[in-house]
Amino acid sequence: MVKKIVGGIVGLTVVVGLPVFVYLLTNNKLSIGYNIGYEPTQPVPFSHKLHAGDNKIDCKYCHTNVGVSRNSAVPSLNICMNCHLSVAVGKPEIQKLQKNYAEGKSIPWIKVHMLPDHVKFNHSKHIMAGKECSTCHGPIEKMEKVYQYSDLSMGWCVNCHRGDPNYDPQLTAEEVKKYEGSDHSQAPINCSTCHY
Ligand code: HEC
Ligand code: HEC
Ligand code: HEC
Ligand code: HEC
Ligand code: HEC
């Protein structure tokens, strides 16, 4: 009796689970091999929810040159100290910031997003085209800890460039109609656009 029940459960899991697994795999939903969801623990427990969410500090107040540069897009301690020379000064994590600041040291933040070297990506083109940070990075202002929201695969880039609304929720119905099944796309899709 017990054996039968166990056997039934195992059988059912395989019968239902296998096709679901194959579906997820072939539709890129599992994104095996990509770092989707990567959420490293940072040297200081900096919270985007607290800063960008609750306190509504603008993304570009800290990520000043996200539009022009690949490096130093994460803020230096100068920017933190605009507030933390006077805000929450008694807290141990803030004293850690102040100590590093006084010694001229930076915080060794761990990079969350990382494209391979053979790919060129450029924030400014996307921001000039009106794309929101959240389209690619998700609800950062709700994250205690930043995690990688999109899989950053070639398919993700190319499908958005083609004008697929599943990959670009910002497209209007009119734009979707214009791009669908035509040679027009919202951004270039030739190899040299993204590869060296
Ligand atoms: C515009 C002002 C402002 C800036 C700029 C700012 N913070 Fe804050 N930060 C706050 C406020 C407000 C709080 C909440 C203070 C409290 O709860 O007493 C806070 C809290 C924190 C805390 C939590 C302290 C604790 O233990 O409760 C950490 C850690 C922190 N900030 C790190 C940083 C870092 C790192 C930077 C620079 C990348 C930064 N902050 C930039 C305003 C700012
Ligand atoms: C008070 C300063 C501050 C504000 C405001 C802020 N950030 Fe950040 N951001 C940081 C710091 C410091 C890090 C590095 C530590 C970490 O990853 O949490 C970071 C990391 C990131 C990363 C990950 C970078 C990587 O390593 O790949 C993304 C993406 C990001 N922020 C997007 C945003 C967006 C979008 C907003 C607005 C909704 C925003 N940030 C607002 C300070 C800030
Ligand atoms: C079209 C998608 C897209 C949009 C829109 C976008 N990002 Fe990014 N972001 C990326 C990708 C892809 C990377 C990884 C780049 C790399 O590894 O070279 C990245 C990396 C970052 C990083 C890590 C440092 C760096 O430059 O490598 C920060 C910080 C960041 N983004 C913040 C922002 C903020 C703030 C906004 C809005 C003002 C924004 N991003 C809009 C796709 C996007
Ligand atoms: C949410 C949609 C979206 C995603 C995702 C996206 N892009 Fe784009 N991309 C655009 C748009 C829109 C433009 C601007 C086209 C224009 O203004 O001509 C653009 C422009 C570019 C350009 C500049 C093209 C040129 O020559 O002017 C490069 C390079 C680029 N994207 C690379 C990438 C890479 C690499 C990725 C993935 C890591 C990516 N993009 C992901 C929408 C997207
Ligand atoms: C809109 C941007 C974009 C365009 C256009 C694009 N790629 Fe990519 N490609 C990427 C990104 C991002 C990656 C890295 C992520 C991945 O491997 O999926 C990649 C990865 C690759 C890889 C895998 C390399 C490896 O390490 O496994 C090959 C091969 C490749 N691309 C070839 C091409 C060719 C050929 C074309 C033209 C037909 C092309 N790509 C057009 C963005 C793009």
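Start by selecting D168 and K131: they form a salt bridge, with the closest N and O atoms 2.8 Å apart. D168 sits in the loop between α8 (154–162) and α9 (173–179), while K131 sits in the loop between α6 (123–128) and α7 (133–137), so this pair ties together parts that are 37 residues apart in sequence. Now try a surface view. Are D168 and K131 buried or exposed? D168 is buried, and K131 is too. Keep in mind as you click around that this is a predicted model.

## On to the other salt bridges

Next, select K49 and D54. These side chains meet in a salt bridge at 3.4 Å, N to O. K49 is partly exposed, with a relative accessible area of 31%, and D54 also counts as partly exposed, at 49%.

Then highlight K99, E103 and K105 together. What links these residues? They are joined in a network of salt bridges.

## Around ligand 1

Time for the ligand. Select ligand 1 and show the residues around it: there are 20, and L50, H51, C80, C83 and H84 come nearest. Colour this shell by class and you'll find 15 nonpolar, 3 polar and 2 charged residues.

Which helices each supply at least two residues of the shell? Look at α2 (48–54), α4 (77–84) and α5 (92–102). Of the contributions to the shell, the one from α4 is the biggest, with 4 residues.

Now zoom in on some individual contacts:

- H51: a polar side-chain atom lies 2.8 Å from a nitrogen atom of ligand 1.
- H84: here too, a polar side-chain atom is 2.8 Å from a nitrogen atom of ligand 1.
- K91: a polar side-chain atom sits 3.4 Å from an oxygen atom of ligand 1.

Terms used
Residues are numbered from 1 along each chain as its sequence is written. Chains are lettered from A and ligands numbered from 1 in the order in which they are written. This is a predicted model: local features need pLDDT of at least 70, side-chain atom pairs count only at pLDDT 80 or more; totals for chains, interfaces and linings use all residues. Side-chain values use heavy atoms; hydrogens and water are left out. A residue is near a molecule or strand if one of its heavy atoms lies within 4 Å of it. A polar contact is a pair of N or O atoms within 3.5 Å; within protein, one must be able to donate a hydrogen and the other to accept it, and residues adjacent in sequence count only if both atoms are side-chain atoms. Ala, Val, Leu, Ile, Met, Phe, Trp, Tyr, Cys and Pro count as nonpolar, Asp, Glu, Lys and Arg as charged, and the others, Gly among them, as polar. A salt bridge is a side-chain nitrogen of Lys or Arg within 4 Å of a carboxyl oxygen of Asp or Glu. Buried means under 20% relative accessible area, exposed over 50%, partly exposed in between (1.4 Å probe, protein chains only).
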